[in-house]
Amino acid sequence: MEKKIKLGIIGIGNMGTGHAKNILTGKCPEFALAAAADINPDRLAWAKESLSPDVTYFDDALKMLDSGLIEACMVCVPHYDHPKYAMECMKRGIHVMVEKPAGVYTKQVREMNEEAKKHPDVVFGMMFNQRTNCIYRKMRELVQSGKYGQLRRTNWIITNWYRPQCYYDSGNWRATWSGEGGGVLLNQCPHQLDLWQWICGMPVKVQSNMRFGQWHDIEVEDDVTTYVEYENGATGVFVTTTGDAHGTNRFEVQMDKARIIVEDDKLSLLEYDVTEPEWTRTNDKPFATMPAHEVEVETDGQNPQHVGVVNAWGGAILRGEPLVAGGEEGIRGLTLSNAMHLSAFLGKPVTLPFDEDLFYEELQKRVAASTRKPTGKQVYADTSSTYGGSK
């Protein structure tokens, strides 16, 4: 029988449960779920009855990490604790996969990445499952191929994250500065922020307008409009909210010689017959339309999502194969969301790299004033049908 990696999961809430079920149903055949930890005794009792009685359950994550029962661990706890438990795994030589986001603020994620450098034998991955989507993989290939010239404009409207008030009322840590560290940017959008920079690169300037509790009774942002500038002069806009009852997901990239769009799970490529700089220099008809033609884009059709990330992690542990996303890459998308928050906090543009100490100070002001509403029992939900599997 081939060796299976003995896996532990910290946090068996919505996402941790989803991962546990994938392991237990054989979707990740190189892993065996050996242990799970959660501080909620009711959740532990539920897991023992509903997931598997053969798994060893712990009421303390460090006890699980010290048990000798596991070789790899998935961190599926609230955002602030992602770096903390990842580093505890690294120090024990335990391979670690961290749920998004990498953390709440870049200072703590930078510390996590520095710790990872001390443990080169530990395979450190980030759960950026949207990178497995063939559509976005192909979009990245097109943008970075060099065939279509320079980036000119990026626009992503991602407003199909609708959440009703009961979602926010399902746990008193949700949508608070002290419990979650942010709103739609930290919970729902880490995948899009990661894909945005993965495909188009990092901007150099960020200006963001946010509404905090605009559409819900929450402390944090639920409506965001951000403008960015890139080093080559290209510009971009990122719009998101959890308040649109029926929203949109459209990602458009304009380049010198192409327009590339992802919308409704489809990738479209409009290829220009000449580059725009050449056309504008040589065309003599003031209202002429630049000649262009649609190109049918082929992909490999694969979109394995969370299972694909975990299986690639297993391949990296056992055979040194590539990860979908290395854990150290988590800081990039978080840099974008931190810069957006800092711009909104200060009411002015922010240049990258931004002042991480200033961001931390501004965040802590909001944490100090944060309040958690009393709630009944924590409510858990199946996230398998949600786009990107947000918590």
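This is a short tour of one predicted model, stop by stop.

Residues are numbered from 1 along each chain as its sequence is written. Because the model is predicted, local features need pLDDT of at least 70 and side-chain atom pairs count only at pLDDT 80 or more, while totals for chains, interfaces and linings use all residues; side-chain values use heavy atoms, with hydrogens and water left out.

**The sheet**

Start with the strands. Helices (H or I, at least four residues) and strands (E, at least two) are DSSP runs, numbered from the N terminus. Two strands pair if DSSP finds at least two bridges between them. Nine strands form an open, mixed sheet, in the order β14-β13-β12-β11-β7-β10-β9-β8-β15. Its edges are β14 (292-295) and β15 (350-351), each of which pairs on one side only.

Now select residues 258-263 and 266-272. These are β12 and β13, an antiparallel pair with six bridges. Within this pair, valine 262 has leucine 267 of β13 as its bridge partner.

Next, select residues 330-346, helix α12, which packs on the sheet. Contact means heavy atoms within 4.5 Å. The helix touches β8 (205-212), β9 (221-229), β10 (235-241) and β15. Its direction makes about 70 degrees with that of β8 (axes are lines fitted to C-alpha atoms, for helices over the stretch in contact, and angles run from 0 to 180 degrees between N-to-C directions).

**A residue in β8**

Select methionine 210, in strand β8. It is buried, at 12% relative accessible area (buried means under 20%, exposed over 50%, partly exposed in between, with a 1.4 Å probe and protein chains only). Beyond its neighbours within four places in sequence, methionine 210 is in contact with residues including Leu185, Met340, His341 and Ala344.

**The cores**

A nonpolar core is a set of buried Ala, Val, Leu, Ile, Met, Phe, Trp, Tyr and Cys residues joined through side-chain atoms within 4.5 Å. Which residues touch the most other members of the largest core? They are Trp196 and Phe251, in a core of 88 residues. Helix α12 gives the most to this core, with eight residues. Select tryptophan 196: among the residues it touches are Trp156, Val228, Phe251, Leu336 and Met340. Another core, of 27 residues, lies apart from the largest one and includes Ile12, Leu51, Val55 and Met74.

**Helix α4**

Select residues 82-91. Eight of the ten residues of α4 are buried, among them Tyr85, Met87 and Cys89. The buried residues pack against β1 (5-10), α3 (61-65), β4 (72-75), β5 (95-98), α5 (106-117) and β6 (124-126). After the helix comes glycine 93, with a positive phi near 75 degrees.

**The cysteines**

Stay with cysteine 89, which has a relative accessible area of 0%. How many disulfides does the structure hold? It holds zero (a disulfide is a pair of cysteine sulfur atoms within 2.5 Å). For cysteine 89, the nearest cysteine sulfur is that of cysteine 73, 4.0 Å away. Cysteine 200 is also buried, at 13%. Its sulfur is 15 Å from the closest cysteine sulfur, in cysteine 189, so it is too far for a bond.

**Last stop: glutamate 30**

Select glutamate 30, in the loop between α1 (14-24) and β2 (31-37). Is this residue buried or exposed? At 18% relative accessibility, glutamate 30 is buried. Its side chain makes a polar contact with the side chain of arginine 319, at 2.7 Å (a pair of N or O atoms within 3.5 Å; within protein, one must be able to donate a hydrogen and the other to accept it, and residues adjacent in sequence count only if both atoms are side-chain atoms). Glutamate 30 also touches Lys3, Ile5 and Leu318, among others.
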